[in-house]
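These are my notebook entries on a predicted model. I set down what I looked up, one topic at a time.

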Amino acid sequence: MMAETPTLYVCHGDDEGPRVHPCRRVQEALRAAGIDYEKVIAAHGHPIPFLRKGSREALREATGDTKLPALKLPDGTIIPHSRAILAWISRQT
């Protein structure tokens, strides 16, 4: 297990979203693997980008991108996109 917890950046869909939603799938995989994580809800809004409220600039500053979900490891490594995060989780177990 890691000395520090990674930070997961998710959208507002979070655990309430559909089972296929990437932000939900990543969180379920982290819990199933017993990996503790900090969660930051980094975007509120709408699936259609121009209808979203607010900006993702804070997310871009934290992760270098505006895509969610994104996992920031304690060493500063950013893993963007759910497939890459799920692959990382599978390597931890």
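**Entry 1: the buried side of α1.** I then asked which residues of α1 are buried. They are C23, R24, V26, Q27 and L30. I noted that these residues cover an arc of only 165 degrees around the axis, which puts them on the same side of α1. I also looked up what the buried residues of α1 pack against, and found β1, β2 and α3.

**Entry 2: the sheet.** In what order do the four strands stand? I read the order as β2-β1-β3-β4, in an open sheet with mixed pairing. I recorded β2 (38-43) and β4 (78-80) at the edges; each has a single partner strand, so one side of each is left without a neighbour in the sheet. From one strand to the next, the twist averages 20 degrees. I found K72 opposite I78 in β4.

**Entry 3: helices on the sheet.** I saw that α1 (residues 22-32) packs on the sheet and touches β1 (7-11) and β2. The direction of α1 makes about 150 degrees with that of β1. Helix α3 (residues 82-92) lies across β1, β3 and β4, and runs at about 125 degrees to β4.

**Entry 4: I78.** Next I returned to I78, which has its place in strand β4. Leaving aside neighbours within four places in sequence, I found I78 in contact with A62, T63, L71 and K72. I also noted D65, which is 13 residues from I78 in sequence and 9.5 Å from I78 in space, C-alpha to C-alpha.

**Entry 5: the nonpolar core.** Finally, I looked up the largest nonpolar core and found that it has 20 residues. Those with the most contacts inside this core are L8, L30, L68, L71, I85, W88 and I89. I noted that β1, α1, β2, β3 and α3 each supply at least two residues of the core, and that β1 gives the most, with four. For L68, I listed the contacts beyond four places in sequence; among them are Y9, V10, C11, C23 and L59.

How values were computed. Residues are numbered from 1 along each chain as its sequence is written. This is a predicted model: local features need pLDDT of at least 70, side-chain atom pairs count only at pLDDT 80 or more; totals for chains, interfaces and linings use all residues. Side-chain values use heavy atoms; hydrogens and water are left out. Two strands pair if DSSP finds at least two bridges between them. Axes are lines fitted to C-alpha atoms, for helices over the stretch in contact, and angles run from 0 to 180 degrees between N-to-C directions. Contact means heavy atoms within 4.5 Å. A nonpolar core is a set of buried Ala, Val, Leu, Ile, Met, Phe, Trp, Tyr and Cys residues joined through side-chain atoms within 4.5 Å. Buried means under 20% relative accessible area, exposed over 50%, partly exposed in between (1.4 Å probe, protein chains only). The arc is that of the directions from the helix axis to the C-beta atoms.
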